[in-house]
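Student: I have just opened this model and want a close look at a single part. Please take me through its surroundings too.

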Amino acid sequence: GRVALTPGFRQALQYRDLLEAKLEFARLALPDVAQLLPVMLHAPDEFRRRSRIYSLFSYGRSVDDTPENCQATARWMRFTTALTRYEGQVLATRPEFARRRRLLDIGGNSGELALQLCRRHPALQVTVLDLPVVCRLGEQHVRGRPEAGRITFLPGDALAGPLPPGHDLVVFKSVLHDWPDAAAREMIRRASEALEPGGTLLIFE
C-alpha cells in the first residue's frame with residue numbers, strides 16, 4: 001500500500017546530475033545516430049559534417065562574450081562539468097598533485113577539476129586556460145567556493161600566443177581527443193616547453 005524507492009535506485013540517485021546529463025546528451029545524439037548510422041559507420045568525416053550534435057560543441061562561439069554565445073557555451077559546459085565532477089575525484093588521487101604547487105589546466109573548462117584538486121590539495125594553486133566565454137562562465141561556477149581564491153582563469157588559446165610560465169604541472173584533461181593529431185602534438189610540445197624544469201605533463205583521457 002505504499003510507494004518507495006529500492007535501495008539500488010537510492011544509491012544511483014546520488015549521481016542524479018550525472019545521469020541527467022548523460023540522458024540529455026543521448027537525447028541530443030539520438031537523431032544523428034538514427035538518421036545517419038550508415039554514414040557514421042562507413043564515412044566518419046561525412047558524418048561529422050552532417051551531424052547536428054557536433055554543432056553543440058561550437059568553440060567558435062566561445063570567443064566573443066555575448067549573451068547568445070554565453071547561452072550556447074553554457075549548454076555544452078553543463079555536460080563536461082557533470083562528467084568532470086566525478087572524473088576529477090579519480091584524477092585528484094594521483095600522487096603528482098601532492099608534490100606540485102602551481103598547476104596549469106589547459107582547456108580547464110568550468111574549473112570543476114580545479115575545484116576538485118584544490119579541495120584535496122590545500123597547497124595547490126591552479127590557472128585555468130580556456131576560451132574567453134568559458135572562463136567567464138567558469139568564474140561564475142567557482143565563485144563562493146572555499147577554493148575559489150586559489151583558482152585563476154586566463155582567457156587564451158593553447159595553439160596561439162605564449163603559455164603562462166611558472167607552473168610545475170600542466171594538465172590536459174579530456175582535451176586532446178577533440179583535436180587532429182597535428183594540433184594535439186603542437187599543444188603537447190608547447191605545454192612541455194612551458195613547464196618549469198623538473199615539472200610534469202599529465203594527460204588524462
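Student: How many bridges join strand β1 (residues 102-106) to strand β4 (residues 167-173)?

Tutor: Some ground rules come first. This model is predicted, so local features need pLDDT of at least 70 and side-chain atom pairs count only at pLDDT 80 or more, while totals for chains, interfaces and linings use all residues. Residues are numbered from 1 along each chain as its sequence is written, and side-chain values use heavy atoms, with hydrogens and water left out.

Now your strands. Four bridges join β1 to β4, and the two run parallel. Names such as these come from DSSP runs, numbered from the N terminus: a helix is H or I with at least four residues, a strand is E with at least two. Strands pair if DSSP finds at least two bridges between them. Along this pairing, Leu103 stands opposite Leu169 in β4. Ile106 has Phe172 of β4 as its bridge partner.

β4 also has β5 beside it. Six bridges join β4 to β5, again running parallel. Here His167 stands opposite Leu195 in β5. How enclosed is β4? Seven of its seven residues are buried, so β4 is largely enclosed by the rest of the structure. Buried means under 20% relative accessible area, exposed means over 50%, and partly exposed lies in between (1.4 Å probe, protein chains only).

Contact here means heavy atoms within 4.5 Å.

Asn109 sits in the loop between β1 and α7 (112-120). Its phi is positive, about 60°, although Asn109 is not a glycine. Asn109 is buried, at 12% relative accessible area. Ser174 lies in the loop between β4 and α9. Ser174 is another residue other than glycine with a positive phi, near 55°. Its relative accessibility is 28%, which counts as partly exposed.

Pro155 is partly exposed, with a relative accessible area of 48%. Leaving aside residues up to four places away in sequence, Pro155 touches Leu129, Asp130, Pro132 and Cys135. Glu46 is 109 residues from Pro155 along the chain, and their C-alpha atoms are separated by 32 Å.

Pro132 leads on to helix α8 (residues 132-142), whose axis comes within 10 Å of that of α5 and crosses it at roughly 55°. The two are therefore oblique to each other. Angles under 35 degrees count as roughly parallel, over 145 as roughly antiparallel, 65 to 115 as roughly perpendicular, and the rest as oblique. α5 passes α8 in a right-handed crossing. The term is right-handed if the near helix is turned clockwise from the far one by less than a right angle, and left-handed if anticlockwise. Residues of α5 that meet α8 include Trp76, Met77 and Arg85, and those of α8 include Val133, Leu137 and His141.

The axes of α2 and α5 are 9 Å apart, at an angle of about 140°. These helices are therefore oblique as well. Their crossing is left-handed.

A kink of about 85° lies at Leu36, shortly before the proline Pro38. The bend at a residue is the angle between axes fitted to the seven residues ending there and the seven starting there.

Key
Axes fitted to C-alpha atoms, helices over the stretch in contact; angles between N-to-C directions.
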